[in-house]
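Visitor: I'm new to this one. Please give me a close look at the places where its parts meet, and take your time over it.

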Amino acid sequence: MSQTEAVFWFFAAVSVISAFLCITRRNPVASALWLVNTLFALAAIFILLDAHFIGALQVLVYAGAIMVLFLFVIMLLNLGRDTGTDMLGWAGRIVMLAVGALLATELLVLARVVPDQRFVLPAGTLARITEEQGAVGAIAAPLFRDYLIPFEITSVLLLAAVVGAVVLAKRRL
Amino acid sequence: MPATVGWVWLVLLFPLAGFLANGAISVLRLDAKRAVTTIGVGALVLSFLVAVAVMAGLAGAPADAPYVLSLWQWMPAGRLEIELALQVDQLSAMMLLVVTGVSMVIHVFSVGYMGEDPGYARYFSYLNLFVFFMLVLVLGANFPVMFVGWEGVGLCSYLLIGFWFENEAFANAGKKAFIMNRIGDVGFLLAMFMIFQAVGTLSFIEVFEYAPRAFAIGGTAITLITLALFVGAIGKSAQIPLYTWLPDAMAGPTPVSALIHAATMVTAGVYMVARANVLFAMAPISSFTVAAVGAITALFAATVALKQWDIKKVLAYSTVSQLGYMFMGVGVGAYAAGIFHLTTHAFFKALLFLGAGSVIHALHHAYHHTHSSEEAQDMRNMGGLRKWMPLTATFMWIATLAIVGVPGFSGFFSKDEILAATFARGHEAAAFYVLWAVGVVTALLTAFYMTRLMIYTFHGPNRSGEKEQQHLHESPWVMTGPLLVLAVLAIVGGLINLPAVLPGSGWLHHWLEPVTELSAAYLPEVHLSHSTEWVLLGFATLVAALGIIGAWRLLKPAALKPAREAPEETGIQKVLLNKWYVDEIYDTLIVRPIMWVSENVLWKVIDKGIIDGFGANGSANLARAMGWLGSRLQTGYLGTYVFLFVLGALILLRVVTGWEL
Amino acid sequence: MLLGPSLGLSAVLFSLGVAGVLFRRNAIVIFICIELMLNAVNLSFIAFAQQLGRSGQVIVFFVMAVAAAEAAVGLAIMIAIYRHKDTIDVREINLLRG
Amino acid sequence: MTPELKGYLLVSVIKLVVVFFTLLVGVAFVTWLERRVAAWIQNRLGPNRVGPQGLLQPMADGLKNFVKEETLPAQADKTLFLLAPGLAFVPSLVLFAVIPFAAPFPLSFDFSLPLLGQFAYAGPMPMIVADVSIGLLFILAVSSLAVYGIVIAGWASGNKYSFLGGLRSCAQMISYEIALGMSIVTVLILTGSVGLTHVVAYQQQTVWFVFSLTLGFVLFAISALAENNRLPFDLPEAEAELVGGYHTEYSSMRFAMFFLAEYGALITMSALMATLFFGGWDIPFTAWDQGEPSVLKSLATLVVFVGKTFFFVFWYIWVRWTLPRFRYDQLMGLGWKIMLPVALAYIMLIATAVWAFDALGLADGALYGLALFGVNLVALFIVFRVLDSGRLIGQQYVRREGSA
């Protein structure tokens, strides 16, 4: 087992355990925080997989912004306290975990897919690109060239989301 | 490219800016008449100056290939690459000058004619927009750009015909023009598709360059393409069978009739045929069709014009007839002659319309003063007007002599050249002699009905009414000034292409040579001996004189009664008055069957029965029934839905992964 | 090259997310679980990107943008529902009941 | 493990330990400094009993905090209550890891230890804890995490004042983080790289960014005050309204950890300001510090860097004891309605200017920076003289005549 793999498995374990705790904690605040933990572990894995920029974004956007928003709303609605459990009963939990396990098995079968060798880049290509163009440049080039129109459309989507959120959440406009 | 030719985009810019500015004034309902005038007329003056500069630049540095000013890439899609490009060559520069020049004069005239109309700003914004689109049409360097202009002028024509849209008949006239034009546009579109299919490009230069390799001379493909193009030209230039909109288009303000429905837009078809001269020259059948349709239209419209009482209707049919002449010219391969007639016609027909406008303006004022509801455009209500309107009468006579073809006036040369070119091809097929004969008869009729118009309007006793006579007076200088300009052009316009038989150099002919030489290879060499030409010239003069004198002798303006007392017409006169009943025939043959089929088959059976019954209501009922069934499954709980969803996903995954693990 | 393990991890995390959605009743927690699923998918994209080129990373970028938009609108909806019903328990939100 | 890797790990660990120990000492020093400077500004003495000039006062405070009783409110969420101070403390220190604090240090060794084997390191050692390729992004990412500690502390206390303080802080930090990030983007545009070592190197080649990005620096400085919850933006702990804000319920060492976090963030932010806009460890008016690495150069640049950082620490304190506190709605108004639009417009301006200069063929260098400085002067004039002139914040609260 190489060092990279060792690190990978460490973070994989962290992320799975955190994810499990995230879905089983009673307190929504705890759930959110465990998810943040999962996100950190995933960010580390992203960086292992040569996606430095995305790793940083993962922390910046997901952990730093989206999850803070979640926490904020949970706290604002005061859902974190004295709500009892919001889970199903024992029978329900077992059934649902079984469904989840079934799904996991099926997906694991799919995960054994091997990409067509004709399209696979030589090992280390991405790392080399990142080295040459910098972490940001590596993703900026395709983003602003091949995916320019989706990028612009995304800006419209975000604008729509801002307007929508304000309209929905504001009591009186 | 000479520097001034590079300015050509400015020609487009000024009218567009004028449209935007005046449109804004109109939309905002600003009261800024002076500004509207300045902007509207000023844009055209600037445009005209630039056009002159472009023409001068081109004349100073003649080139073999046209100058193409590519503004930007418009539609890059696969093999299709269309640029928004302007083409300046001898033909488009000529048209540029005619369009901006005549438009400028008519804009000035409009200042007086429309001065008291509440829609003054709207009028000028439309007019500027029209000029813009007309220039796009003329300058376009490929078929799609030309088509944009083509559609744009159609739109403006619609807007201006229905300018007084409160009147339902006027609004309907606008719609009629629009629909007739659409029928022709289908032809243009089809032609574009076929050209792209065959040649793989739509730019003029490339199409005309590759055409000899892409098509066989007289082959099916080129014939179909040119016929389709000609269908477009028929619609735009009001030829049989799509001419009926043009007389109705007289519902618009008179300057509009002068500009759009006489001098510029309707000639677009002629321009297009001349532009695509290579294609037409390669398709003899199409060319002959063009000439034949032109000749028949010329004769037909002339007969109708004989018996119209509305002064503008007479001029409208006269326009249709003259357009027929132009098509005859370009149909027999005399492209320069066609453009020549187009140019001279622009001058004298604009003059005639503006003169008529001046008369109508005066009469309208008179009736307005006496609160009479008489028809201000009916010649039966005119007569003897030269006493009150000497300038208008003089100018109109000049125009009449020009259109009739009296030697020395511009129409004489252009009309004669077309007839000569037709006659010259008579040795190929006798059919050309027939066309020539038709042209001559038309010339006779033209002389007759134009003289009739002049006699009834300006000579003999006045029939307007006693009270009204006190209010008749000459139009202000903003209206007579343009008339003067056009009158001068109508006299000297012929000088640009004096035939060689007179001591002329045929300047226009040489000027257009770079454009028309492409087609020269496919046309038979025609040559008329000088003696034959002299004979033809003499014959034409004779015919013109015969028409004028005949009309002078036969018509008795003193016996004419005003419109309110006029007796019912009978016999052939009634047929002519009702324009050969063509509108009624169209109504019976096309409109009514379509209406019947639409109502009884398409609407009642197909739409209400099949589409609504089975399609819309049926599927709605089905959905409702299914929904009722499905709603039994709905618990309203998110958990249930998600659970079922996941189960479905699991089953799908099973299918995707297959059954092995 | 960690493609296989990454996809496996992605599968497990995704299933955990689905299970969470299934047996929680608090709408915000369900939302959190959806974010977990999104991240699992992102991991797949990143893993494939290492093998097949950078487009996968760009897609993740878009997923994040969409997730941000979704969180903003979704949480606004939660607040609106809470204001209306004083709870965000999905058992109580059954206006869709047919 | 290869000798090189072991050597690298050894160097990293040493740098880590030394830097963070120094930082903690620095924090202690800054607490003393704050009190002394405050006293100086207010024309009084301040702590001067423990040690020379009261320098040992922080030690005494620390000792006191250690021996005091820890309290746990009955309403508190125990786990999170205990976790929060740590969450607040860590990001402020971690941020320092990507800041280069001196010129590279000439160091290479190759030795063996019993049991551990051979260690090797080949020369010059960058004076930065972790020279990551995404330095600026790292700063943005980690600084966005600082909010967790505070908001969780506020919520977990089970006290409405703490909770309000936490929420206020959360909203405030999220709001100003955007302006902060936007002002850093202009630095990115000029540098063309997100590594902080590149930022420093670029400033050495041209001029300090405080000249070429003056307005960016102003925006950054204001946002930094808000990010650190310092006056005039210390709403989360506004004593007059919220008792003590999010740390009302905390006592003894946990309270001290919030203090450490706050002053740690203060030092880090000062260092960041020095690095981003004042050339980092660059010694002005000489290129001597850029050549071959030597011990002397490293030490000299370290001194310069510490000096610059100290200046900004002093500036923070100075502001605190000079300016009054904003009202909360004014704070949000400033953040969203002024800072953000100005920052966005500024990015456009800088991008356009860079594009224009490139189009004009102006080469990177001092002239380039001065040309940008000219642009900035215009921008500053517009923002402060034309846009602001006292209207932007206070406007809507001016009582209309006759409505009283």
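Guide: Two residues are said to be in contact when they have heavy atoms within 4.5 Å of each other. What you see is a predicted model, where local features need pLDDT of at least 70, side-chain atom pairs count only at pLDDT 80 or more, and totals for chains, interfaces and linings use all residues. Residues are numbered from 1 along each chain as its sequence is written, chains are lettered from A and ligands numbered from 1 in the order in which they are written, and side-chain values use heavy atoms, with hydrogens and water left out.

Let's start where chain D meets chain A. Here 24 residues of chain D touch 23 residues of chain A. The size of an interface is often given as the accessible area lost when the parts come together. That is the buried area, taken with a 1.4 Å probe and summed over both parts. For chain D and chain A it is about 2,000 Å², with carbon and sulfur atoms giving 77%. Three residues, D:Leu137, D:Tyr148 and D:Trp155, supply 31% of what chain D buries against chain A, more than any other three.

Which elements of chain D give two or more residues to this side? They are helix 4 (135-143), helix 5 (146-156) and helix 6 (160-191). Helices here are DSSP runs of H or I with at least four residues, strands are runs of E with at least two, and both are numbered from the N terminus. By class, this side of chain D has 19 nonpolar, four polar and one charged residues.

Now turn to chain A and chain C. Contacts join 80 residues of chain A and 66 residues of chain C, and the two bury about 6,600 Å², 79% of it on carbon and sulfur atoms. Salt bridges number zero here, while twelve residue pairs are in polar contact, both at pLDDT 80 or more. Among the helices of chain A on this side, helix 1 gives the most, with twelve residues. The side of chain A that touches chain C divides into 62 nonpolar, ten polar and eight charged residues.

Then there's the largest nonpolar core, with 203 residues; A:Ile54, C:Ile28, D:Phe96, D:Leu276 and D:Phe277 have the most contacts inside it. Such a core is a set of buried Ala, Val, Leu, Ile, Met, Phe, Trp, Tyr and Cys residues joined through side-chain atoms within 4.5 Å. Buried means under 20% relative accessible area, exposed over 50%, and partly exposed in between (1.4 Å probe, protein chains only). Helix 3 of chain A gives this core the most, 17 residues. Leaving aside neighbours within four places in sequence, D:Phe277 touches residues including D:Trp208, D:Phe209 and D:Phe220.

Technical notes
Nonpolar A, V, L, I, M, F, W, Y, C, P; charged D, E, K, R; others polar. Salt bridge = Lys/Arg side-chain N within 4 Å of Asp/Glu carboxyl O. Polar contact = N/O pair within 3.5 Å; in protein donor to acceptor, adjacent residues only side chain to side chain.
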